[in-house]
Amino acid sequence: MWHVSPRVAERAGRRRGAVKVARMTARLVVLVSGAGTNLQALLDACADSSYGAAVVAVGADRRGIEALARAHRAGVPTFTQQLSGHPDRATWDRALAQSCARYQPDLVISAGFMKLVGQDFLGRFAGRFVNTHPSLLPAFPGMHAVRDALAYGVKVTGCTVFLVDAGTDTGPVIAQEAVPVSEDDDVASLHERIKRTERALLVDTVGRMVRDGWSVRGRTVQVGHHEAAAANQARQG
Ligand code: GRF
């Protein structure tokens with residue numbers, strides 16, 4: 001499965017002497033459920049046009065959260081799809097997918113969005129639905145990654161940016177970074193330290209994806225080196 005970001009497509013077109021297209025910026029829809037510090041990091045990065053992306057909408061599964069307030073302050077449109085507002089999970093999932101699709105995203109980013117999406121959503125956004133998780137997957141998947149890592153007694157944990165598949169935190173890994181656990185850490189202090197690393201990793205990873213493109217083969221995600229890899233693939237026939 002190959003994805004080329006709008007920025008890469010533009011560069012390729014220019015080199016082949018094809019019709020010159022306007023410089024394109026990748027469109028991000030960001031899904032949130034809480035404080036929204038990862039969203040804020042993306043909004044801040046997008047303020048620099050060389051980053052290559054813009055947050056075109058923020059979606060939530062609940063009202064009254066700081067993440068939505070951050071979007072409002074940044075002048076970014078928002079939508080909310082609460083599970084309780086729909087007769088069943090499948091209908092909610094379809095509505096969420098439609099709300100996102102309305103903004104024609106190149107990437108959908110789950111930045112602390114605390115719901116698992118279903119088949120409709122994955123069908124529409126497979127291969128371009130990115131999530132961030134506060135552990136080194138496959139260790140400690142699920143809602144309580146930081147608590148579980150502390151309870152296990154690991155000395156190093158971290159964060160993972162990955163492509164969402166139908167499982168819980170099981171999709172192909174795009175990037176990871178380690179964070180040491182301190183002896184006096186509790187869940188709050190460790191999560192806070194992980195989140196500092198996580199924000200930087202998310203911003204860096206999304207930026208590289210939109211600027212350089214990415215490919216997925218089996219469980220292996222490659223960001224950049226796209227043209228070399230494509231040429232390789234063509235050679236192999
Ligand atoms: C992040 O650690 C994310 O990985 C987890 O929830 C946290 C969200 O933080 N699922 P924020 O809302 O972006 O501040």
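How far does a backbone N or O atom of Thr132 lie from an oxygen atom of the ligand? I found 3.2 Å for this pair, which falls under my term polar contact, a pair of N or O atoms within 3.5 Å. I was working on a predicted model, where local features need pLDDT of at least 70, side-chain atom pairs count only at pLDDT 80 or more, and totals for chains, interfaces and linings use all residues. Residues are numbered from 1 along each chain as its sequence is written, and side-chain values use heavy atoms, with hydrogens and water left out.

I then noted a backbone N or O atom of Ala35 at 3.4 Å from a ligand oxygen, and an N or O atom in the side chain of Glu198 at 2.3 Å from a ligand oxygen. The protein covers 90% of the 370 Å² of accessible area that the ligand has on its own (Shrake-Rupley method, 1.4 Å probe).

Next I listed the shell, counting residues with a heavy atom within 4 Å of the ligand; among them are Gly36, Asn38, His133, His191 and Lys195. Helix H2 (37-46), strand E6 (129-133) and helix H7 (187-212) each supply at least two shell residues (DSSP runs, at least four residues for helices and two for strands), and H7 gives the most, with 3.

Last, I saw that the ligand takes up the space of the largest pocket, an open set of points on a 1 Å grid over the protein atoms alone, where a 1.4 Å probe fits, with protein on both sides within 12 Å along at least five of seven lines; a molecule sits there if more than half of its atoms lie within 2 Å of the grid points.

Notes:
A polar contact is a pair of N or O atoms within 3.5 Å; within protein, one must be able to donate a hydrogen and the other to accept it, and residues adjacent in sequence count only if both atoms are side-chain atoms. On a 1 Å grid over the protein atoms alone, a cavity is a set of points where a 1.4 Å probe fits but cannot get out, and a pocket is an open set with protein on both sides within 12 Å along at least five of seven lines; lining residues have an atom within 4 Å of a point.
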